[in-house]
Structure formats: structure tokens, C-alpha cells
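This report describes the architecture of a protein model and the contacts between its parts. The sequence and structure are shown first.

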Amino acid sequence: MTQTAEAAEAEAAEPEQPPVDERVKERSKFHQALIRPELGGIAGTILVFFFFFLTARDSGMFSPSGVLNWSIVSAQFIIIAVGACLLMIAGEFDLSVGSMIGFAGMSIALLSVSLGWPVWLAIIVTFILCMGVGALNGWLVIKTGLPSFIVTLAFLFILRGLTIFAAITTTNKTIVGGIRDVAEGDWLAPIFGGKIFTGFFQWMGDAGWIETFERGTRKGQPVVEGIPMLIVWALVLVIFGHWLLTKTKFGNWIFASGGDARSADYVGVPVNRVKILMFMFTAFCACVFATAQVMEFGSAGADRGLLKEFEAIISVVIGGALLTGGYGSVIGAALGAIIFGVVQQGLFFAGVESSLFRVFLGVILLLAVILNTYIRRMITGEK
Amino acid sequence: MKKIKLLAAAALSVAIAVPLAMMSTSAVAAGERYILVSHAPDSDSWWNTIKNGITLAGKQMGVKVEYRNPPTGDLADMARIIEQATASRPNGIITTLADFDVLSGPIRNAVDQGINVIIMNSGTPEQTRKVGALMFVGQPEYDAGYAAGLRAKGDGIKSFVCVNHVISNAVVAERCRGFADGLGIKLGNSMLDSGQDPSEIKNRVLAYLSANPKTDAILTLGPTSADPTLLALKENGLAGDIYFGTFDLGDNIVKGIKSGIIQWGIDQQPFLQAYLPVVVLTNYDRYGVLPGNNINSGPGFVTKDGLTLVEKYAGEYR
């Protein structure tokens, strides 16, 4: 009796095995689900939030206005990081992003305020200008064969200089204001500088769930009026970038162009077109950043966007992309941007001594990248 | 192995978190908490006096004062810092108003949430009223430049170059405009965008002076531009020959005044701009008393006479 049972068990334990290819390594479903470039970003994000929850919980960092504060900063990083990420995966850099932000903002301000153009026209012309400069960047990189590092470094200076020159010669000032007045009633401006769900936030304010102003002309209105379009743009760009990269043929071309441009060329990938388009997309993202900033603050300054190119690149690298190209993820870059934004604003909330601010920023960012790299290696098994 | 690495990462983050947590808890221990937000990049040494001023005031009044600034001097980032400061609910905020368009919104938000605000250093009394701040503590820049221009005109000056290291700060540029108006000449191309880097400033001044040899006078807008300009003048031999005036004081400027290279320095007394707002805010919070007007911290001309006390505290409290 027991013997037959044992025999049956033994039989059940040896079902018909499918032929196993010894070249294919077995990986569990769980393991497979983990192998994604953004995993390090996810871990880093959790760690950063955990960290600030411990150190800055009572500082207002997690009140509605506090959340909005670091969300906006993160969204700004996301907008430029998405462009930088796709370009970096395609194997190139753009160091002119920061100067492009100053240039685009000043262009909108000068066209609309000084020349009196309608704001929507100024915005559209500025987008065309910026993407033209992006295309020129890409074209120069392709034609000369120089590293994009050098070509875009040149444009970092050229654009910044042109911005200051244009502002000084036309208005005698480096900050051009008055955009809020001319943008009044414009149809395109609210798409960059407006806020959505304002009714919902007013309702929450009336119900006493969120803080309202205590005094002044806006007494009773909620402190957080709505979700700024900046955050909407960030989400839209992340979704678009992720879709483009992972769900389309063009996305494969981006990976191929950055992984090995020559092989990609041999198999018929239009490498040059892909790279130039990615330069234009990066310029587009910088222009979105600039337009949203100009519409929110109502003025453009010649020094806006200083060092933003590095902040974009840092976000992308924290998010798990390789500096050499061919590997990375838009979601990862977005998480990297969130880590950067939360750390930067969180340090203020934690009340870090201002002279030590950069030290902490540097150390935490370094930790994020190291952690990210370790996790990636642990999971992918690369050495 | 994997676990060890993860543990190491966790231990590292705790190693960072603990001192940070301790720093932030000690921050809460004191009485009232105020935040000073400046527009200056990290590289601007002039703001050290401000930091010393708030430290001293904080100690004397028994309050906690934090100093914050946008690391690159980007005013859009400064707006975010003011919003952040507001969200952390301090008793009061002391801030500059370097660009009304960018900063008026965030400052107004702070005021309307019941946080007292004092504008210091940059801004005008009108703008201060518009954003709903309690008062303005600073030096009216155009007037200070105008006074300096009149003085230079009396000394026979007909042309000048203004070395501007903060071209983005429209308020500071007013000093150059005031100086030109005081001299009775047009500003034209006499404003030099020097950047923040000392060797760049020095070389640009050298280049300008060799391209425009008829320049009578140099006006610098702070130690950041004055110190390299001093070096430039020593290098091209114009030191003591060319008329040299500067805004603000610092170690080298005081030495320059003493040795006769610099004719005068205009002290806007940043110490008062930092110290007084803390004192005013604390007394307002504790006893409800408030001075009835804006406070002019400058201008005061510092010349070769009466330099001893200035010299002793230059760069620290002056």
C-alpha cells in the first residue's frame, strides 16, 4: 500500500520534461520582473522619502504646500530629464539645455513685450527657434563628427551670450518683465502657466481639509490653488517618452543608435535622423521648461537656467541610464529627477546649514547613484 | 553577498540620516524661528556679513535664524526657496526683492498665510508695500549711485566704466544708472558684464581699459568685482592714477582706500540689513511693537579718514 503510493509520487515528480536548451539561463518570473533599468530609481526614491520622513516630518514638507513645492521642483527636473534621457540613450549629450532655457524665456519676453507680438505667436516662434538650434546642434555633431560634448558646450556659451546681448541691446535690462499683463486672455499661455483642478482645491479648502490664506485679499482661498500645468507637462512628457522608447520601432532605433551607431547603420537604422530628432526633442523640452517658467513668473531673466544641463544629466544618471548610451529608461530618469528634486528641497526643510547644503546634496546624490548601480548589477548579473 | 551590500547601503544612509535628524531637532529647540532668503549665489562673499549679522542677532535675541540662497543665483530657484520657507511655517521671513515679477507672488503668499515678512537689501519701498511686507531695510540704490555720481562730478570725472558682476540683478544695475545720471552723462556702453569669476573679471577690466584708454573712473559694485579690479589696476599701472570708487566694503577694499587706490567706498552696512530685521521681527512677535517707517541702512561714504573701526571689522561686520 505504502509502496504503491510512493511509486505514484515518484511518477508524479517526473513529468515529461520539455527539451532544455543549456545555453538559456533559467530565471524566475520574479527575477525577470525586476530586471529593468528603473529598479534602482524606485529603490532610491523609496529610500529618499523614508529618509526625509525621518528627518523632516514636522517641518511642513508633507503639508499640501510643502508637497507642491518639491513636486514643482521635481517636475521641472523631469521635463528636462526626459529630453536628456532619450538623447543620452541615443548616445549623445546636450550641454546647452541650461542656456537654451534662458534663451527661450528671453525670446518669448522680447517678442511679446518689446515687439508687441501676441503671446501665442511668440511662444510658437520660440519653439521653432529652439528646435532649430537643436537641429543645428545635431547636424553639426553628425557633419563634423565632433563629440556632442564639445559642440553643445559651444552652444552653452553662444546661447547665453546671445541672450544677454539681445536683452541689453533692446531693453537695457537683463530681466524683462510684464509678460503676465500681455499674456492676459491669451489662449496658449494657460497651457504652460495655468493651473487645473482649481475648483476641487477650492472645495477642499472650503471643507477645511487643506490650509487656506489667513489674511489679505485672498482670505479663505486655499494656499494650494490647483495643480500647475508644469506638473501635467512633466507627466505627459514621461508617458510620451516611455511609450516612444519601449513601444515603438523608433524607440528601438534610439537604443540601437546609442548602443552601436555603426551596426545600427548597417542594419538600416537612420542613425543620423534619430540623433538629430533627439537633439530637437531635448531643445523642445528645454523650451517647455522655459515657457512654463516665464508664464508662471511673468518675467524672463538672462541668467535663468544656469547649470540646468547638469541637473538634467544627473537626474538621468541617477535614474539608471548609462553615460555611454544604449541603456536607460524614461521612467528611471523621471524617478531620478524626483530624487534630485526631493533631496534639494528636502534639505531646506530639514534645516541643513546653508554652507553645508551642497555637501549633503553631493553625498546623497552619490549614494543614490552607487545604490542604483549596485542594485542593477545584482539583478542583471553584469560585472 | 547581496544582503551585505544592501545592509551596507542601509547603514550608509542611516549614517547620513542621524546627524541630519539631530541637526534639525536642535533647530526646533530655540524660540522663534526666522528664515532669511537671499538672491546671492554661493560664490558671493559679501553675504558673509549678512550671515554674521543674523547669527549675532539670533544669539542676542534668543531666536533661531536660518540663511538660505539659490546656489547659482537663479531667481526662479529663489522663488521656490521662498515657497519652501513658507511651507515650513516660520515666524517670519526676511528676504530680498531682487525681481518683483518673480518674487512678489511667493512673498504675497507668505504674507497672506500669516507670516510676517521684511524686505531687505534689494527692492523699493513701493514694492515692499505692494507685497504686504512690514518694512524695507536697505539702501535706495539709485539714490546711492546718484550721490556717488555727484561726488565724482565734483572731482572732475567725465567718463566711467561700471563693473557689474551681478548683471541679472536689475536693482544693482540702478547704481550704475544713478552714477551716470549724477555725472550727467549717458550710461551707454559703460556697463561691463564681468561675470562672477575673479580672473575673468580682472581680464575683462584690463581689456576694457586698454580698449577705452580715455576712461576717467571705475565704479565697481561690490568686493566680487572690486578685488579683481584692484589686481587689474596694479597690473596695468593705473592704480592710484585712475579714479576708483566702489560700492560695499571688504578687506581688500579697505586696504585699497587706505593706500589711496580707491577714493571712496559706499557702505550700505549690510550688518544692519541682517541684524535689524531679526530684532524688529522678534520684538513684533513678542511685544507687538513695530517701527513706523522703512529703515535706510546706507549710503555712507567711507574714505581714508576714520578707517580704524571699519578696518577692524571689514568683511566680518562691515
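## Overall fold of chain B

Chain B contains 12 helices and 12 strands. The radius of gyration of chain B is 22 Å, close to the 20 Å given by the globule rule for 318 residues, so chain B is as compact as a globular protein of that length. The model under discussion is a predicted one.

Along the principal axes, the C-alpha atoms of chain B fill a box of roughly 70 × 60 × 40 Å. Of the 318 residues in chain B, 53% are buried.

## Domains of chain B

The domain assignment divides chain B into domain 1, formed by 30-139 + 269-298, and domain 2, formed by 141-267. The centres of domain 1 and domain 2 of chain B, taken over C-alpha atoms, are separated by 28 Å.

In the contact between these domains, domain 1 of chain B provides 14 residues and domain 2 of chain B provides 14 residues. On the side of domain 1 of chain B that touches domain 2 of chain B, three residues are nonpolar, nine are polar and two are charged.

## Contact between chains A and B

The contact between the chains takes 48 residues from chain A and 44 residues from chain B. On the side of chain A that touches chain B, at least two residues each come from α3 (39-55), α4 (64-89), α14 (271-297), α16 (330-349) and α17 (357-380) of chain A. The most is given by α17(A), with seven residues.

The residues on this side of chain A comprise 24 nonpolar, 17 polar and seven charged.

Technical notes. Residues numbered from 1 in each chain as written. Chains lettered and ligands numbered in written order. Predicted model: local features only at pLDDT ≥ 70, side-chain atom pairs only at ≥ 80, totals over all residues. Domains from an automatic or database assignment. Contact = placed C-beta atoms within 7 Å. Nonpolar A, V, L, I, M, F, W, Y, C, P; charged D, E, K, R; others polar. Helix = DSSP H or I, 4+ residues; strand = E, 2+ residues; numbered from the N terminus. Rg over C-alpha atoms; globule rule 2.2 N^0.38 Å. Buried ≥ 20, exposed ≤ 12 C-beta atoms within 10 Å, placed from the backbone.
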